[in-house]
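Please work through the following exercises with the sequence and the model at hand. Each task is followed by a solution in steps.

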Amino acid sequence: QVQLVESGGGLVQPGGSLRLSCAASISIFSIYVMGWYRQTPGKERELVASITNGGTANYADSVKERFTISTDNAKNQVHLQMNSLKPEDTAVYYCKASQVIVGQRLYDSWGQGTQVTVSS
C-alpha cells in the first residue's frame, strides 16, 4: 500500500531528453524493486527499467544505453533519465513498486502515470 506519484513527463523533440521522477510514500529501502513501465493505447504495458533496493538495475533492450534509472533514497524517489528520445518512446509512463510481504511474495503498487510525447 505505497502511494506513487510520477512527474516530469511532457513534449520533447526527437533526440531530446526528459527526466521522470516517482515519489514514494514510504522509504525506498522498504521496497524490494521499483520500476518504470510504459503503455500506448491498445498495447500491453511493458517494462522499461527497474532497480532493486540493492542497486541492481535492468533495462529493456530498446532503451539500453539511452535510459538510466536511479534512486534518491533521502527523498524516497526513483528517477528515469531518458536521453536520445525517439518517437517510439512516446507512451504513458508508470511507476511501480514491489514490496516483499510475508510468504516471500510481492505486492505491487502503481502510480497514475505521466505522458511522454516525442515529436517534432
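**Exercise 1.** Determine in which loop glycine 113 lies, and whether glycine 113 counts as buried or exposed.

*Solution.* Step 1: glycine 113 lies in the loop between strand E10 (105–110) and E11; strands (E, at least two residues) are DSSP runs, numbered from the N terminus. Step 2: glycine 113 counts as buried because its relative accessibility is 18%; buried means under 20% relative accessible area, exposed over 50%, and partly exposed in between (1.4 Å probe, protein chains only). Step 3: leaving aside neighbours within four places in sequence, glycine 113 is in contact with Glu6, Val92, Tyr93 and Tyr94, where contact means heavy atoms within 4.5 Å.

This is a predicted model, in which local features need pLDDT of at least 70 and side-chain atom pairs count only at pLDDT 80 or more, while totals for chains, interfaces and linings use all residues. Residues are numbered from 1 along each chain as its sequence is written, and side-chain values use heavy atoms, with hydrogens and water left out.

**Exercise 2.** Describe how the side chains alternate along strand E11 (residues 114–118).

*Solution.* Step 1: Thr114, Val116 and Val118 point to one face and are buried.

**Exercise 3.** In which sense does E11 pair with strand E2 (residues 10–12), and in which with strand E9 (residues 91–101)?

*Solution.* Step 1: E2 and E11 pair in the parallel sense over 3 bridges; two strands pair if DSSP finds at least two bridges between them. Leucine 11 has threonine 117 as its bridge partner in E11. Step 2: E9 and E11 pair in the antiparallel sense, over 3 bridges, and alanine 91 stands opposite valine 116.

Terms used
Helices (H or I, at least four residues) and strands (E, at least two) are DSSP runs, numbered from the N terminus.
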